[in-house]
Every structure is written in C-alpha cells, then in structure tokens.
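Hi,

Here is the structure I promised to pass on. Have a look at it first, and my notes follow below.

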Amino acid sequence: MNTTILAALVPGLPLLGAIVIAALRRSLKGNSAGLLGTLAIGSAFALSVMLFLGHDPAAGPYTAHLFNWIDIGGMHIPFAFQVDALSLTMMLIVTGVGTLIHLYSIGYMHDDARVSTFFALLNLFTFAMLLLVMGANYAITFIGWEGVGLCSYLLIGFWYTNPAYNYAARKAFVMNRIGDLGFVLGLAWLFNVTGSLTFTEVFDRVAGLGPDVLTGITLLLFVGAIGKSAQLPLFTWLPDAMAGPTPVSALIHAATMVTAGIYLIVRSSVLFELAPFTQDVVLYTGLVTALVAATIGVFQNDIKKVLAYSTVSQLGYMFVALGLGAYSAGMFHVTTHAFFKALLFLGAGSVIHALGGEQDIRRMGGLKGAIKVTHLTFLLGTLAIAGIPPFSGFFSKDAILANAFDRSPVLYALLLGGALITTFYMFRLYFLTFWGAYRGDKHPHESPAVMTVPLLVLAVLSVVGGLLNLPHVFGGHEPMKHFLAHAADGIGAERLHLEASTEWMLMGLSTALVVLVIALAHGRFAKKATLDPEADELPFLPRLLARKWYLDELYERLFEKPYGWLSTMFHRVGEGWVMVPLMNGAGRLTQRAGQVLRLAQTGNMSFYLFAMVAGIVVFLLMTLYGR
Amino acid sequence: MEPVVTAIRQVPLEHYVALSFILFSIGLTGALFRRNTIIILMCLELMFNSVNLLLTAFSAHHSDPGGQVFVFFTMLVAAAEVTVGLAILVMMKRNVDSVDINQLNRLKG
Amino acid sequence: MQYLFYLFAAISVLSGLFVVTARNPVNSVIALIVCFLSIAGHYILLNAQFLAMVQVIVYTGAIMVLFLFVIMLLNLNNSTEPQKTLLTRIAAVVAGGVFLLTLLAATRQGVEIAAANPADASVGLVSHVGMALFKDFLLPFEVSSVLFLSAMVGALMLGKKEKVAA
Amino acid sequence: MVLLALLLIPFLTALALMLARPTNTARHIALGSTIASLGLVALIWWSYVPGQTWVPVKFDWAPTLGLTFSLGYDGVSLLMLLLTALVFPFIIAAGYRQNLQHPSMVNALLLFTQSFLFGVFTAQNAFLFYIFYELSLVPVFFLLLYWGGERRRAITVRFFIYTLLGGLMLLFGLAYCVTQTAPISADFAVLHALRIPADTQVWLFWALFLAFAIKLPIFPFHSWQPDTYTMAPLQGTMVLGGVMLKMGLYGVLKFVFPIVPFGVEHWRDTVIWLSIIGALYAGIIAFRQQDLKRLVAYSSLSHVGLLCAGLFAWNVYGTGGALYQSFAHAVLVVSMLYIVGALKERTGTSELGAMGGLKGKAPRLAALFFLVMINAVALPLTQSFVGEWLMFNGLWQVDGWMAFAAVATIILGAVYMLYAYQRAMLGPDRWKMEMPDAGRNDHLYLVPLIAITLVLGLYPAPILDLVNGPVQQMLSTLTALN
C-alpha cells in the first residue's frame, strides 16, 4: 500500500473510530463501543508496524503530504505527516500501549453508563496524540498538542457531576495552555526568523541564527514542554488529573501525553544543541522536578497520586537526559516508562476495581493472595521502576545516570538519591497494598481476563524492554539509539566518555543501594497494621511534603485569588467607575449644552420673528460686505 | 422695439425694486408690530405680493415668461398657506379663545 | 404711463401702511384689498394681463374674502386687540427700517440684470404664460395640485372638532 | 445587476413584511429571503475572479458632493458579503425560538439591516458607504428600543449617540478628504490615490478611525458594548456582534489604511497596544461575570481586541488573519448566543450561578455547547485557531512583546470559557424539573455552524485565498507609498 495513505490512516482510524462511536453512542450496547474503539487503535497499531517494517532508516524521513492547510503570504503550512525513526517510535508506543489500555478499559469501564463516550474520547485522544508525533511541521504538532490537552480535559472531568473533578480538569487545561503560550510564541518567532515551520526546512536554516534568538526560541518551546510534561512550576495539574478514570491516567497521564514535551525537545534537538543555555535550563528544571516530586511521593496515601508523583519525577529524569544532550537515553526512558508506568497504573486500576473504588492504600493490605495476577504484574512493574537489573527501568535509568556522571558526580549523586527515594515510595506502595493484613472492609476479587491480559503483556514488556537499547557493556549495540540517530541530528551527536569499568561500578552501586532501600521499605511497611495519620497531623517536614510543598496553596494565593479579585475589580472599578462614567459624562455634557441652548427657545413667536429678521439682516450684510 | 415694451420700460426697474422693498418692509414691520395673528397673516400676504411684483417686473423687463409663471406658483402656495393658516387660526380661537400671537408660547424648549 | 405707476405705488404703500396700523381688522382687510388691487394695476402696467386677472380673482376675490369671512366668523371686528409694549413696537419699526435700509443698500449701485431676451410684448399674455406653464413647468404644476389637496385635507383636519379628547 | 438584486431582495421583503404584517409566516418569508441572498452571494463567489475589483453598478447621484451610487466588490468585500449572507439565515432562524411580539416587524427590521449591510460591503464610494453605514443603525435602533431587555431606553440611546458621534467624526474626516480631490469625487478608487500630507494624516487618522474604533469596539471606546449586548434581544446581539462590528474592520481596511497610511504608521503601535490591553482587560473581566450573555459580550470584546491588533499588524498574516478571524467570529457569536438562548429557554435564566448540572439532563446540548466553546477558545482545527494563529504570527513580525500579550488572551479565554461551561453544564444535577435535551431544531441550527467551523478549520483555503490576494495587493501599494 502507498505509504502516504498508510501514514494518513494511522491517525485516521482512531479519528474514524471516535466519530463512529460518538455518532452511534446511543445504539452501541455492552462492550461493542469498547471493541470498536480497540479495533480502531489495534488497526492503527498494525499499520504502524507495517510502516515500521517498511521504513528504511537510512533513507531519511518520509513525508506524507496530504493537502495545504494554511497557505497565505509567505506561510505555507502543509497538512503533512513525517514518518521517520522518531515518529515511528512514538507511534508504536502510542498505538501499542494504547491498544492494551483500550482493551483493559473494556473491563474497567464495563459498568459505566457513558462507556461509549469514554471510548470515543479515548480514540479521539489517540488521534490527537498521533497527529502530535507524526506532524511534519510544528503546526501539525501543535494541533495534536492542543488536541491531547482537550481530550485530557474531557477525560479528567469524565465524571462531570463531581465539582472537584471538574476543577482538576480545568486546572489541567489552563496550565497546559500556559505552556502552549510559550509554544505558540516560540513557533511565531521561529517562523519569523526561518520563514518555515516544516521540520526539515527549519533545521536546515537554523545554523545561521544568532545564539540569543535560538536561546529565546528554545526557551519558549521548553515552556510548552513544561506545561505538557508537568515539570516545575507547572506540574501541579498532573496529580489532580488522577480524577479521571484509571485507564486515562495510564494512557494520557503516564504513557503518552505527558511525554509530548520530551518528544518535542528530541524533535527539536538541532535547535537545542545550538542553545547550551537552554539545555542547562532543561537539565536543572528536570533535576529539581525529579527530586521535588519524589519527595512528595513518599507521603501520599492515594495509590494513584503516588504513581502520579512518580510520573512527574520520571519525567524529570527524562528532561535531565535531554538537558545533558542524551536524547536517545531520554527516548529510551520514555519507552520503558510507557511500559512500566502503564503497567503500574493499570495494576492500580485493577486493585481499585478489585476493591470497588477504594484508592487509599491505608485501607488496603494483604492483597497478594486475593488478586494474584495483579500482584505479580504490579511487582514486576515496581521492580522495573526501581531499576533492578535486568528489568527495563534499570537500563533506561542507568543510561541517564551514566550520562549524568559524565557531566558531574554531584549531579549523579542527586539523581541517584532521587532514584532511591523513588524505590522507597514505590515499595512502600507495594508493601502497603499487597503485604501485611487487609485493613479495608471490601471483598477483593480478581479482575476479568480482558483486564489481566493487558497487564501480562505490559509486564512482559517491562521486563524485556531493556533489550531495545541494550548498552555496549552488556554486549548490546544500543539499537534504539542507532535507529533514532537517523531521525534526530542531536542523537547522532551524542557522546559518552565512560570507561566500561566505571559503568560497571556505577551500576553495581546503584543496584546495591536500591536493594538496600527495598529492604528498608520492607522492614517499615511489609507488616504494617496501623494507619498513617492524616496529612494535617504530621510534623512539619512530612506535612510539607504530604502537602506538596504547599504549591497548590501558593498558586491559589498567588494567582487564582488575585485573578478573581482582579476580574471583580476591573469590572467594578474599571467599568463601573471609569469607563461607563466617562461615556455617561460625554452624554451629560451634551445634555448640559442642550439645557443651556434651550433657554433660547422661549416659545414667544414674536421673539422668533425678531430673531429671524435679525438673522436675515446679518446674512444679507455678510453677503454684501463679507468678502 | 414694440411700443408696449417701450411703454413698460419707461419706468426704470430700480423703482419697482424700491417699491417692492418698501412694501416688503411694511409687511415685515407689521408682522413684528401686531399681536393679532390674523393681521400677521395679512402682513405675510403683503410680503408675498411685494415679491410677486418684483418678479413680474423683472419678468416684463426681461421678456421672460418664467418669472410670471413663478408668480403664479407663489400665488398657489400663498393660497394653500392661507387655507391652512386660517384653519389654524380657527383652531386657536376655539382652543385658547384668543388670536393673540403671544398665547402661542407652548413651543418652549 | 409713469404717472400711473407712481399713483399706484402711492396707493399701495399708503394702503399697506393702513393695513398695519388699523385697529379694526376689517379695516385692515379692506386696506389690503385696495393694496392688492393697486398691485393688479401694476401688473397691467407691466402688461402681465394673466397675472392681473389672477391677482384680482384669487387674491381679492378669494383669499381676502376668506379673511373677511374668518374675521366675521370669529367675531374679531372689535378693536380690543391688546397692544404690544411700546418698546416692542419701537423695536419692530426699527427692525423693519433696518431691514429696508439693508435691502436698499444692497441695491444702491443699481440693479444689474443679464441681457434681456429679444423684446416680446406678448410675455405677459395668457397664451404665452399658459404655454410656459404647460410646457416647461408641467410637472411642478401638477405637483402643486397635490399641495392643494394636502392643504385642503389639512384645513379640514384642523377645522374638524375633536371628538375624542386625546 | 446582481449586486442591486442583493440589496433589493432583503429590502423589498422587509417592506412587504412591514406593510402586510403577516404573523405566522413572517419568519418563513424572512428566512426564504435570507437564503435567497445567500444563494446570490454564493453565485457571486462562484463567478469571482481572484484579485479583481469589480464595479458593475455605477450611477451619478450627487456629483457636487462626489457621491456616486457605485457598487462593486473585491475579495475582502466578498468575504464580508459571504459572512453577512451566511450568518443572517441563522439570525432569522434564531427568532423561531424567541417568540418576540410582532414577528413581522422584527424580521423586517432585521432584513433592512441586512440590506444596508450589503450596501456597506459593496459600496465603492465613500459617501455611499457612509450612508449605508449610518442607515444600518436605524433598524437596529428600533430593534433594541422595542424588543430590548431591562433599561433598554437608556442603553439604546447611549449606544446610538455613541456610535453617531463616531459617525460624525467619520463624516468630518471624509468631507476633508473629499475636498482634497479634484474634480470632487468620493469614489474609493480616487480617495485611495489621494496623497495627503503626512502631518495632516496624523490627526486625520483619528477622525477616520474613531467611528470604527467605537463600532468594533476597541478599548477604551467599548463602554457601550457590554450593556448593549446584554440588553439587546438575542437576534439584535447576533446582528451587532456577528456582523455589524465587521463593518468597523472593513471600514479600517477601506478608509484608514489606504487613505492615511502615514497616520497608521504613526499610530499603529498605540492602536495595537490599546487593542491588546482591551483584549486582556475584557478577558479578565469575563471570568467573574455571572450573566452568560454578558460573559459572551466581554468575550466578544476580548476577541475583537485581538482582531483589531492583528489588523493593525499590517502584514499579510496579521491583516489576513484578522479578516479570517472576523468570519470565524461571526459564526462563533451566532452559535454562542444561540446556546445562551437555548439555556435561557430551558432554565428561564441566563445567570450562571443559577444553572449547573445541566449536562445530566441535556447531554446533547452540553456536547453542542462544548463544540461551540472549543471554537471560542481557538483550539486547533477550529476556524478561530487559523485566524488567531495568523494574527499571532503577524504580531510577532511587529514586536515579540505584542505577540506575547496577545497570546496571553488565549489563556484568559480558556479560563473564563471553561469556567462558564463548568458552571452552566457540569456538576451535580440541580434541576428537579424535566428539561428537554437539544432537539431536532437545535441540531439543525447548531450542527451546520459547527460544521462550518470545523471544516474551515481543517481546510481554510477557500477563505484564505479570498483574502490573500487583496491583502497582499493592498499591502504592496502601501509599502510602495511609504
């Protein structure tokens, strides 16, 4: 089949699925909507695989030109898709993980009244995400960028009767929009200096630009990435986004959408390579986010919130990798993270499902006997994220750590510390959920096969995912890096100067520490029977962390409240006291003038006659002697 | 030149102009002078006629019938005006029982 | 000929003055009729025969009779008309005088008119005026009938007693 | 002749409606008339040769004033005609649910407005433009005065006086320009070739621009707008916000840019900043509005501020984007106001505080509302996005900070729109009574509008092609002038 048609069908099928499901949502009964949705994504996945197999990385990117989207003046933005190593990688992740999550959702959303709407939105999301990663220019990417934001908004607020969920959805959308501001401005600037937004053309033209311009553009693009990928200071929406159904959290807020920022930077690696200052900003933003989010994660009691903070933290790691210029390591972590974080979320979903909606880990415990498959897969996911060899997380995280060590040992130490904290809270989560005695009052039951099969598949991927980019020290050839190098010039420029012995030593150190931390967590949480107190009753430091460093409160005081106040003030003072009186003043002036002039209208006819005669005389004299 | 025309032009145009000015001024003064609305209406007629006279004089001295046609139209308008004016007068008498122009002071702004 | 002109001029000015000064409105009307007749005489002097006829028929015959009729109808022939204040009257005379002076001043250097058409004695004759009226001024003539109609309607409307107090 | 027909179809229909005063069929007749106009405009569009100014109708009217009755169109005019013709059937159709008194009069007034608007957008003579421009106010005045809401007299008079004041300035500026021509002519072609001294242009700019600034309106000339939009009957607001404010935009293109280019250059930054400040200001105010209609008014104000900023960016992206956006905005305003009407019909109020949880009762209406809303917040693949995207790029070409401030409005837009949507539709179901969901009529009304939005968002070429040529040509002549 023609590659263009194939490429168009990849996002086209989910879109079609969304439209069909939305149109037929009233007549679709039972699981049919879910099956239809899964079928659409599954076919997209199959097509992606076909594209992958048919793609020759050495031949460079293939551009599937559909039609001219915006064409005015010197701006020619085609609606075109780019198929290359990078977009293929993302496509495979999105459609692959997406298919599994769709399948899982059939079981998870089985009882919901609006299941058709759910699948329509999920399909729509996949469509937007595919646009994002497949776009051949920044504008198409931006369509997807906003589209995923929209779907995220809709899915977070899926249970719309709950005001808190709606608030969370709105928060997510607005914070994303703040990021979009940066993105749009970056694009406007980029277009202004290069006259194009098509990736290939832009990258050819940036070389001659001044460093200030490039720094500015990349910083603006990075602002966009911050919003979408939930980095400091815009990460607070992501934990709240857990209000959505769990498969949504898995697909959107863990595996795919939040990695859009990473994708954007990798895609623009040419620009970022030329702007070292921005790279440093990326690096430190990622580092701080990784640590802050990890510390918050330790004191969360909601199973999904823990995973959410872990997502933020892991995204921080990816940004660190990008800031170091280790794009392939970042992408590798994106891939493995998609596997194991989706697995963890789905596992959490399975737990929640098993307990009939319970999300508080303090009311769980001892579930490992009751829900065996979930337990096993969750354990595998936890091991993967903790970085135990030979699970996938080990390789991807180690690649980042090694690059960090190459830059500075302090950086390495900080990141390793973050990784250890991650291990700690993940195992706290694991032990509190599955070990010890059951502390709740529901009767746990294992999820149906339609939910456990995706778990198993993802578990397998989490275990073996590391093979995708097996480093040299293990005898691999980093196949993913070489594959991606064809797509992003920045990857080709990567270099890592570490002796094999150093690498071995670093791995050994991290593994040993991780195991130590697991043991610590086991000791503290495995047999825990008492409940943790509420956040408010904790001492200061833990309370600070459990309260997310009071960031939400800070933002509320700093932005939300003043904004509402400003709105009221503008309306009351600006409109009420200044604008309208100003206008009324003009009217009143006219009225006054009228009142003065009307005195001349005495109503006395004789007076009018005299006035008329006087007027005639004056005019006559004027015409006589006027000139 | 025909004798009739010669006869007409024996009186210089300026005299006609002066006469009509005098008549007009008399009418105007009357309109200002009197309070009786019906007299004021008559003064208006006097002014009309002075203008008519002037137009006719010009027309005759100029041998152009247009002026006289114009006088004809003025008369038409005057007739219409008088009709309406007198009707208003009757109304006024009926409503305020007076034809004093100063009674019509409701036009106050 | 000239003497006739001055005679008529004197009559019209004097009768005009009488119109303004007469206390009794009926006297004013009579004076105005005299004035109009003298103007008709002017028209004859100017060989405007058609206009002279119309002047006599329309003005003296119709309009002034209408005036007279209204005065009698409303019983206005008593001379109880309130006078204006002296100041106003002086002001009126002054205004009229100033107006006259201005007009005369405007024509002090004589009247310049464009070159006359070839002398034509028949300008004021009925046939001639009629030709002009029905050829060059047909449309205004017809439209003036509408004016009359509306004046008539207006007079009727005004003259009608209001049945419903609005 | 087809242009004359365009003017006469609504005009004569309106006259007929006024005289015959049918009660039941008035809306059908009016709708038929607007659809006929739409067909006619489509015909014109179909036969349009890009890049041409076509002046098929030209009579002398008052040559001493330079006034000729000449009608014609170029791409920009055609865009405006298209917008007017497209939006009016929907405005008329909105009346089916409103049940105003004296439907024949309402529809007659609306059709008069349409006729005059067609006149405005086709006039090729500045005086003729002015005549139509002021005439179009008259039917709206009556519409507001007799069918408006609370405090209608005061607000209508205020609106009228305010706009007339602007119109007076325009007339003054216009008269000045015309006196500069020899022989006297107010034809656009002549005026556009006029070379007015640069320092005269500096003040003449405001004489010409003020009317349009008030009509649009831009900050700080906007204070008539929120009250008027809120008070006006739904259809009146649709006319005002959907079409009439585009007269301001069009006027700027036809008067201000070509006649006083130096003035524009001198004041451009001021106007852009004023517009952007207004956009931000209105966007912030909209957040806390309790009345949905007033919120729409402020959101329109915000959008228009951006529109004007883009227009004055004075490059093909900014100006072209503003024109494109004006089309999008018309569709948006009409659909948004229809939603307001539909909500009011169901709940009996337009107070957001009194709504909430409607989605449970009326999910389809909520979905339609949402689709309209994503156009309002300019999500990609909607029409608004294309316009705003172009405007941002255009503004960036002028100044990065301008673009920054302009883009900030999209955040504000998201904030107030989503907040309003949430307050109206989401949350627990608070309505005890039964409430009809969006029915067949609502779908018939909103789905075409949404379809236009999405189709032109995905494939904006038809409109962009219309705009591209004239704008480029205009800009190139202006550059040559400078």
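How many residues does helix 1 of chain C have, and how far does it reach from its first C-alpha to its last? Before the answer, some housekeeping: this is a predicted model, where local features need pLDDT of at least 70, side-chain atom pairs count only at pLDDT 80 or more, and totals for chains, interfaces and linings use all residues. Residues are numbered from 1 along each chain as its sequence is written, and chains are lettered from A and ligands numbered from 1 in the order in which they are written.

Helix 1 of chain C (residues 2-21) has 20 residues and spans 29 Å, close to the 28 Å expected at 1.5 Å a residue. (Helices are DSSP runs of H or I, at least four residues, numbered from the N terminus; the expected span is 1.5 Å times one less than the number of residues.)

Buried in that helix are C:Phe8, C:Ala9, C:Ser12, C:Ser15, C:Gly16, C:Val19 and C:Val20. They sit on the same side of helix 1 of chain C because they cover an arc of only 145° around the axis, the arc being that of the directions from the helix axis to the C-beta atoms. On the face turned away from them are the exposed residues C:Tyr3, C:Tyr6, C:Leu7 and C:Ala10. (Buried is 20 or more other C-beta atoms within 10 Å of a residue's own, exposed is 12 or fewer, partly exposed is in between; C-beta atoms are placed from the backbone.)

What do the buried residues pack against? Helix 2 (13-33) and helix 3 (37-62) of chain B, together with helix 2 (25-45) of chain C.

By contrast, no contact joins chains B and D, whose closest C-alpha atoms are 20 Å apart, and chains C and D do not touch either, with nearest C-alpha atoms 21 Å apart.

One more thing on chain C: the domain assignment gives domain 1 (1-78) and domain 2 (125-157), with bounds from an automatic or database assignment. Their C-alpha centres lie 23 Å apart.

Cheers

Notes:
Helix = DSSP H or I, 4+ residues; strand = E, 2+ residues; numbered from the N terminus. Contact = placed C-beta atoms within 7 Å.
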